[in-house]
Protein chains: 2
Amino acid sequence: MFVGAQAFRRLEWSPVELASRTARDLSGIINLASGSPDPSVIPVKELAELFEEMVREYGAKGFLYPGAGGVPELVKELRSYVSSDLGIDIGEGDVLVVVSGAQHGIKLLSQLLLEPGDIAVTEDPTFWEAVDPMRFQGARLVGIPIDEYGMDTSKLEDLLRRGLKPRLIYVIPTCHNPCGYVMSLDRRKHLLEIAEEYDLLILEDDPYRPISPNPPPSLKSMDRRGRVIYVCSMSKVLAPGLRIGFVVLSRDAAEELSKLEQHDFSTATPIQLLVARALRKGLVRSLIPRLRMHYKEKMDVLLGSLEEHMPGSYTKAECGFFTIVRLGVDAERHLPKAIASGVIYVPAKDFYIEKKLPDAARISMSTQPKEKIAEGVKRLSSSLKS
Amino acid sequence: MFVGAQAFRRLEWSPVELASRTARDLSGIINLASGSPDPSVIPVKELAELFEEMVREYGAKGFLYPGAGGVPELVKELRSYVSSDLGIDIGEGDVLVVVSGAQHGIKLLSQLLLEPGDIAVTEDPTFWEAVDPMRFQGARLVGIPIDEYGMDTSKLEDLLRRGLKPRLIYVIPTCHNPCGYVMSLDRRKHLLEIAEEYDLLILEDDPYRPISPNPPPSLKSMDRRGRVIYVCSMSKVLAPGLRIGFVVLSRDAAEELSKLEQHDFSTATPIQLLVARALRKGLVRSLIPRLRMHYKEKMDVLLGSLEEHMPGSYTKAECGFFTIVRLGVDAERHLPKAIASGVIYVPAKDFYIEKKLPDAARISMSTQPKEKIAEGVKRLSSSLKS
């Protein structure tokens, strides 16, 4: 056989994908690995109705090629959503580009911005899936420690002073994945000051804002110099399987992003029109307060259970879906034992950039009901004691 | 402003996208530019019903993350479609990977296979959108002339003898875009022989097979050594806005392709399940004979009209949507005049690799009803005479 892997560039499986596959094959397991939104809050009935309405309105036109950049109806609705519901100021010079999920946006931006040898700065740890496309482009990652106030921007400043020249600063400032931290307003200001001083470009990944109870202003809103590219997603507020995300960036940059979209045209037209309708008819707006409460309550259960069974071991997540728990034992090696106890998590070693922490586990509360979250933590704790 | 285009890699707009945008803003124009399938044969009602059924069966599960490689239901149905309906033998060692359109597949394969300086061989002319991702990877394109028997494989052999070392041979052997030619069986055999002798990898792009009346065996079917990667699409047989395509390749290679899909996860889950259902319930199979006749009749009208009004100017397309017409004047400069006469086409200069032909136009019959195709050709011919 010729067309074997030797002809292809090699990649790694995501630790999240690997854990998800394992979980799929196991029944009765409590899945604290999945980063998927809660299936119980996906507005299934409404999505089905909207699809039917969309077909009635558009007919065959609803099934033609999408064109690059997003269908105009969705671009218009998303612009209004971003400013009214997410409270983000889109500048006059800014353009919103539809992508098939924030992940797709990050990949395309990596292709446009990064070349072999370029440096991308990230929080340490960071979201594996977001930075793997950067690595694939040949970029070298530099991790900056994160604490409960977000990325330690003074550490970043130190490195810049000593000559670090990053091509891109990638941050998840609000409801960090995997730590759950929210960057403080002071650090946000500091990051933007540094960006100005050292001529930096910031990629703000903000998928959890719609479900976050009381988020600080986004970096994009505070940016007056066009230094922030904003990426967000409809995955948490509607459904991840729709594959609808968006990027807000300057007009010239948006033009290149749209041209690169010609290489895949990957956002389904009927789904774009469906989401436009969900926004226009107020479905998304009506869901937001409920979702904020829903995930807040679940996070409280997760952190409360961790405090009860594994005090001191975890990051005090403010929002989002995740916390990092230090198991005290190698998380990868412990996984079969945890699974035998009926719980699964994501070994998080590879979320770290500078120094792998083998005992770190990413624990998610997103897909499980409250009683299962509590039970899952109990099982995890027992599996560690046995 | 900082985040301007100077920070980004620059790309080109596709000549097809540019012409489509122009056409969108003009009323009363006959669009011979669009490569979209005919909206009148998209099974809109059936797709709406299938969506409803899918929601009833899967509920929220139909809206979760797709996972890499495609949902198992769709992979299974596509494998059976490929062998039963397209007549393509999938080897035991071959894996089918779902992508968001053939275009997405070609892009991902370009990322996996091509590095700066690599050579990709194509028919000359070839489909702009397919090769732009190869160029973006830094590959150098080498064009091999195409005639009514397909790529001139003896010319390719000459170049190989003289030391050409291509990383990839990209071909659209059946219903070529933009020429409409079908590669002869002899040339297919020859290409595979050459591939064996010179250790070549072939990317077979085959989106028109489902609507082609009597296609020869695909290269993939004739390939016993794993030298052919097969890419196809549901765009022509169901609808292009669904963004469902697939790639068939060896297991090891498929694994890398799926890992690369983790970088975008761009194929919408509900649409994957919808298409699986359309295959399982026989919708796709029932459409195929009708579509083959439909497009054959339209192609006959196009070629008949060209023979009447512009004899000798065009490639004798056997199938697909396109023919190349030599206008005798610069096609780009003539376009405003054609538009004033009520017809639009794609200036095809940039479809050529080795030597641009400024008077070449890509003419499509796919979206227009028969009477408009004839009228469009008449208008084009008049615009050239005036």
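## Strand pairing and the A–B interface

Strands β8 (residues 228-233) and β9 (residues 245-250) of chain B pair in the antiparallel sense, with four bridges between them. Within this pairing, B:C232 lies opposite B:F246 of β9(B). The model described here is predicted.

The two strands belong to an open sheet of eight strands in chain B, with mixed pairing and the order β2-β9-β8-β7-β6-β3-β4-β5. The edges are formed by β2 (94-99) and β5 (150-151) of chain B; each has a single partner strand, so one side of each is left without a neighbour in the sheet.

**How the copies are related**

In general, a rotation about an axis and a shift along it relate two copies of a chain. Here, chain A superposes on chain B by a rotation of 180° with 0.0 Å of shift along the axis, at an RMSD of 0.0 Å. The two copies are thus related as by a two-fold rotation axis. In chain A, the C-alpha nearest this axis belongs to A:S266, at 3.0 Å from the axis.

**What the chains share**

| Item | Value |
|---|---|
| Residues in contact, chain A | 84 residues |
| Residues in contact, chain B | 84 residues |
| Buried between chain A and chain B | about 7200 Å² |
| Part of the buried area on carbon and sulfur atoms | 64% |
| Salt bridges across the interface | four salt bridges |
| Polar contacts (both residues at pLDDT 80 or more) | 31 residue pairs |

One of the salt bridges joins the side chains of A:R10 and B:E256, with an N to O distance of 3.0 Å.

Several elements of chain A each supply at least two residues of the side that touches chain B. Among them are the helices α1 (15-24), α2 (44-58), α4 (102-113) and α5 (128-136). The strands β8 (228-233) and β9 (245-250) of chain A also belong to this group, as do α9 (251-261) and α10 (269-280). The largest share, eight residues, comes from α4(A).

By residue class, the side of chain A that touches chain B divides into 43 nonpolar, 21 polar and 20 charged residues.

Key. Residues numbered from 1 in each chain as written. Chains lettered and ligands numbered in written order. Predicted model: local features only at pLDDT ≥ 70, side-chain atom pairs only at ≥ 80, totals over all residues. Heavy atoms only, no water. Contact = heavy atoms within 4.5 Å. Buried area = accessible area lost by both parts, 1.4 Å probe. Polar contact = N/O pair within 3.5 Å; in protein donor to acceptor, adjacent residues only side chain to side chain. Nonpolar A, V, L, I, M, F, W, Y, C, P; charged D, E, K, R; others polar. Least-squares fit on C-alpha atoms with pLDDT ≥ 70 in both. Pairing = 2+ DSSP bridges.
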